[in-house]
Amino acid sequence: MTTESPWLDTLMALIVFTNLRLLGSSRLGACIRTVALQGVFLGLLPLIAHSNDLDWRIVLLAFAGMALKAGVFPWLFFRALRGAKVRREMEPYVGYSLSLLAGIASFAVALWVGSALELPNRAISPLLVPVALSTMLVGLFVIVSRRKALTQALGYLAFENGIYAFGIGIAHEAPFLVEAGILLDVFVAVFVMGIAIFHIRREFDSIDTAALSSLRD
Amino acid sequence: MSAAGLAPPLLGLALAPLLLGIVSRTKALFAGRRGAPLLQPYHDLARLLKKGAVYSPTTTWAFRATPVVTLAAGIAVLFVLPFGSLPALLAFDGDFLLFAALLAAARFFTIVGAFDTASSFPALGASREATFSALAEPALLLSVAVLTYLTGSLSLSTMLGAITGLEWRQAGPALVLVAAALFVVLLAECSRIPIDDPGTHLELTMIHEVMVLDHGGPDLAFVLYGSALKLWALAALVAGLLVPVRTGQVALDGLAFLGGMIGLAIVLGVVESTMARLRLHRVPQLLVGASAFAVLALLLALR
């Protein structure tokens with residue numbers, strides 16, 4: 001296992017790039033594709049990191065993850081998007097330029113935390129912990145700073161991507177069942193969100209979550 | 001200081017309008033036309049130089065100084081730029097600050113000259129130029145800061161000279177981000193298409209062209225030549241970064257660098273042909289994104 005692999009570093013930089021694109025893009029379609037791309041990069045991560053000692057378990061999980069994150073989820077989200085008549089995230093709580101700066105700040109914080117964090121296992125790359133942490137922070141930031149239910153679901157997915165990256169990089173001996181279980185959990189969560197978005201839209205003609213706060217019983 | 005040291009500025013002076021010719025030829029090919037000859041910008045400059053100048057009675061010396069200062073700054077910038085592995089004539093520690101300052105001086109005078117016409121139209125462009133260039137400058141300086149950190153050098157010549165294939169293997173992601181940031185700065189500073197449209201004079205969204213609307217004859221030639229030199233200077237930064245051919249043979253490195261410049265001009269033409277101009281309120285976002293790239297590269301390099 002080589003820790004100084006340039007491909008691994010490139011992949012890390014690409015994951016950070018997808019984070020920034022998620023923060024800076026106003027088109028929902030572009031956001032969905034960005035998160036799907038992030039899923040592909042994450043799927044490639046274990047394949048490149050363990051390219052010397054690949055076994056069927058790693059390959060299977062990586063491809064299952066990629067199929068789910070780059071195939072099924074985008075399809076579900078695009079289906080929800082077709083129903084809802086929105087193409088753009090208008091008027092987010094935090095503007096796009098400021099979001100980009102927040103993304104950079106989150107990466108800086110993650111680098112600092114990552115250097116201070118004592119880990120039992122050595123990560124596959126010195127960049128892995130910062131990238132995973134900043135992906136989680138960006139996911140959380142998207143959840144709180146956007147109004148549309150769909151974008152918030154994408155934020156949740158980015159958050160989960162961060163956890164997944166963390167898991168791959170630190171504990172590559174995690175049992176197959178646990179990892180498969182996490183994938184299944186995420187699948188169910190996204191499925192439920194897709195349905196919820198669909199129903200919110202049918203009820204209120206909009207997937208703007210700010211409209212939900214005006215509900216009275 | 002030797003005769004060879006004079007080559008980078010002289011080649012820059014001679015070849016800068018050619019870049020514009022290549023860009024417009026690429027755009028023409030994309031549009032399905034044959035396009036103007038590659039040397040058309042030289043003919044344009046020669047034609048303009050033969051004309052007389054007309055000055056509005058409301059303008060002052062500031063308006064007349066604008067073309068001279070723009071051209072002087074454009075020429076001066078060439079003296080701190082390396083050409084391939086050939087170091088610049090005036091390479092000293094911190095010359096990238098002079099580089100940025102000369103570009104800023106040219107911009108300042110263009111803006112002052114635009115306001116001096118007392119016409120609201122150039123003033124509109126001037127205010128936009130001031131906003132966007134203020135956002136582009138951090139991206140430029142942060143990118144150079146990354147290069148400084150990676151190569152441990154404070155001079156553009158040694159900095160770009162130290163970017164080799166080995167450097168790319170060691171710090172590839174950071175260098176890609178820096179190149180992307182510098183490319184966006186190039187697009188913004190040289191008023192190319194996603195930011196500004198150099199081909200139009202009569203739209204409300206234009207920036208650079210509207211500021212020089214009142215210049216004519218030799219003055220316009222000076223302004224056009226100055227902006228061609230500015231394009232050459234910024235493209236030289238990007239090409240020096242992207243073409244890490246440092247064999248030690250001056251001629252070979254110079255040819256590789258020249259090839260990089262021509263390739264970059266073609267890329268510019270392709271970008272201009274395939275992209276639409278951004279809406280004005282999206283432009284700051286792109287420039288902040290470029291700065292974000294540069295900061296990210298800095299963080300990657302610092303870790």
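**Exercise 1.** Decide whether Pro6(A) is buried, exposed or partly exposed.

*Solution.* Start with the rule: a residue is buried if 20 or more other C-beta atoms, placed from the backbone, lie within 10 Å of its own, exposed if 12 or fewer, and partly exposed in between. Pro6(A) has 14 C-beta neighbours inside 10 Å, so it counts as partly exposed. Before going on, note that this is a predicted model, where local features need pLDDT of at least 70, side-chain atom pairs count only at pLDDT 80 or more, and totals for chains, interfaces and linings use all residues. Residues are numbered from 1 along each chain as its sequence is written, while chains are lettered from A and ligands numbered from 1 in the order in which they are written.

**Exercise 2.** Find which residues Pro6(A) is in contact with, leaving aside its neighbours within four places in sequence.

*Solution.* Contact means that the C-beta atoms, placed from the backbone, lie within 7 Å. By that test, Pro6(A) touches Arg169(B) and Gly172(B).

**Exercise 3.** Work out how H5(B) and H7(B) are oriented to each other.

*Solution.* Helices are DSSP runs (H or I, at least four residues), numbered from the N terminus. First, locate them: H5 of chain B covers residues 120-151, and H7 of chain B covers 165-189. Next, take the angle: their axes, lines fitted to C-alpha atoms over the stretch in contact, with angles from 0 to 180 degrees between N-to-C directions, cross at roughly 160° and come within 9 Å. Finally, apply the cut-offs: under 35 degrees is roughly parallel, over 145 roughly antiparallel, 65 to 115 roughly perpendicular and the rest oblique. H5(B) and H7(B) are therefore roughly antiparallel.

Conventions
Helix = DSSP H or I, 4+ residues; strand = E, 2+ residues; numbered from the N terminus. Contact = placed C-beta atoms within 7 Å.
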